[in-house]
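The following exercises are to be worked through with the sequence and the three-dimensional model at hand. Each task is followed by a solution in steps.

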Amino acid sequence: MIRIVIAEDQRMLLGALASLLDLEEDMKVVGRASNGEEAIALVHQHKPDICIMDIEMPAKTGLDAAEELKGLGTKVIILTTFARSGYFERALKAGVCGYLLKDSPSEELANSIRSVMAGRRIFASELVDDAYGQENPLTEREKEVLELVADGKNTKEIANELFITTGTVRNYISVILDKLDVSNRIEAITRFKEKGWFK
């Protein structure tokens with residue numbers, strides 16, 4: 001019997017997933033969590049084979065929880081609506097065994113769980129294509145500048161914080177806009193968020 005903990009902050013979806021998996025003869029849902037902290041507690045309590053985890057949840061995200069659960073013996077499968085390469089890269093670093101999208105057919109979830117139990121790793125194909133097709137084009141310093149812009153800091157504040165001139169900050173911003181193929185700071189932040197490249 002494959003023992004499963006599910007972490008999902010949308011209660012209806014949590015109930016539906018649990019009911020769906022309990023219908024499988026070789027699976028049993030032993031715990032339901034509505035955030036990452038509860039998921040970690042349930043994994044310690046029940047020591048399940050699999051923990052299925054959403055990403056964006058209150059208290060602790062699924063990725064934070066996956067990082068904490070790394071090496072505990074429970075295999076983590078991320079089940080999310082977010083096909084963001086930055087999230088996917090972080091999930092890979094956290095050692096997750098699967099990264100599936102919520103718009104996949106329901107039978108795919110049960111089959112993926114069995115595959116993961118058999119030692120395979122299952123990742124949504126569009127993520128794999130995206131992750132290997134597009135790297136974050138910004139240097140560490142450019143990322144730093146964009147993060148400060150996203151925090152609402154102006155050119156002068158960024159210059160003071162990074163000990164550079166306002167002219168240098170403007171140069172960085174112009175390079176960032178160019179590399180991200182956008183026309184202003186707001187679009188740059190949006191594009192960077194969509195890709196999941198913010199830490």
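This is a predicted model: local features need pLDDT of at least 70, side-chain atom pairs count only at pLDDT 80 or more; totals for chains, interfaces and linings use all residues.

Rings of Phe, Tyr and Trp (its six-membered ring) pair if their centres lie within 6.5 Å, and planes over 60 degrees apart count as edge-to-face.

**Exercise 1. Determine which residues form the aromatic cluster, and classify its ring pairs.**

Step 1. A pair of aromatic rings is described by the distance of the centres and the angle of the planes. The structure contains 2 aromatic pairs.

Step 2. For F88 and Y99, the ring centres are 5.4 Å apart and the planes stand at 85°, so this pair is edge-to-face. F88 belongs to helix α4 (residues 85-93) and Y99 to strand β5 (residues 98-101); the pair links distant parts of the chain, 11 residues apart.

Step 3. Buried means under 20% relative accessible area. F88 has 1% relative accessibility and therefore counts as buried; Y99, at 0%, likewise counts as buried.

Step 4. For F88 and F123, the centres are 5.3 Å apart and the planes stand at 75°, so this pair is also edge-to-face. Here helix α4, with F88, is linked to strand β6 (residues 122-123), with F123, across 35 residues. With a relative accessible area of 22%, F123 is partly exposed.

F88, Y99 and F123 form one aromatic cluster.

**Exercise 2. Characterise how helices α7 and α8 cross.**

Step 1. Two packed helices are described by the angle between their axes and the distance between the axes. The axes of α7 (residues 140-150) and α8 (residues 155-162) come within 10 Å and cross at roughly 135°.

Step 2. Angles over 145 degrees count as roughly antiparallel, and 65 to 115 as roughly perpendicular. The two helices, α7 and α8, are therefore oblique to each other.

Step 3. The crossing of α7 and α8 is right-handed. R141, E144, V145, L148 and V149 of α7 make the contact with I158, E161 and L162 of α8.

Technical notes:
Residues are numbered from 1 along each chain as its sequence is written. Side-chain values use heavy atoms; hydrogens and water are left out. Rings of Phe, Tyr and Trp (its six-membered ring) pair if their centres lie within 6.5 Å; planes under 30 degrees apart count as stacked, over 60 as edge-to-face and the rest as tilted. Helices (H or I, at least four residues) and strands (E, at least two) are DSSP runs, numbered from the N terminus. Buried means under 20% relative accessible area, exposed over 50%, partly exposed in between (1.4 Å probe, protein chains only). Axes are lines fitted to C-alpha atoms, for helices over the stretch in contact, and angles run from 0 to 180 degrees between N-to-C directions. Angles under 35 degrees count as roughly parallel, over 145 as roughly antiparallel, 65 to 115 as roughly perpendicular and the rest as oblique. A crossing is left-handed if the near helix is turned anticlockwise from the far one by less than a right angle, and right-handed if clockwise. Contact means heavy atoms within 4.5 Å.
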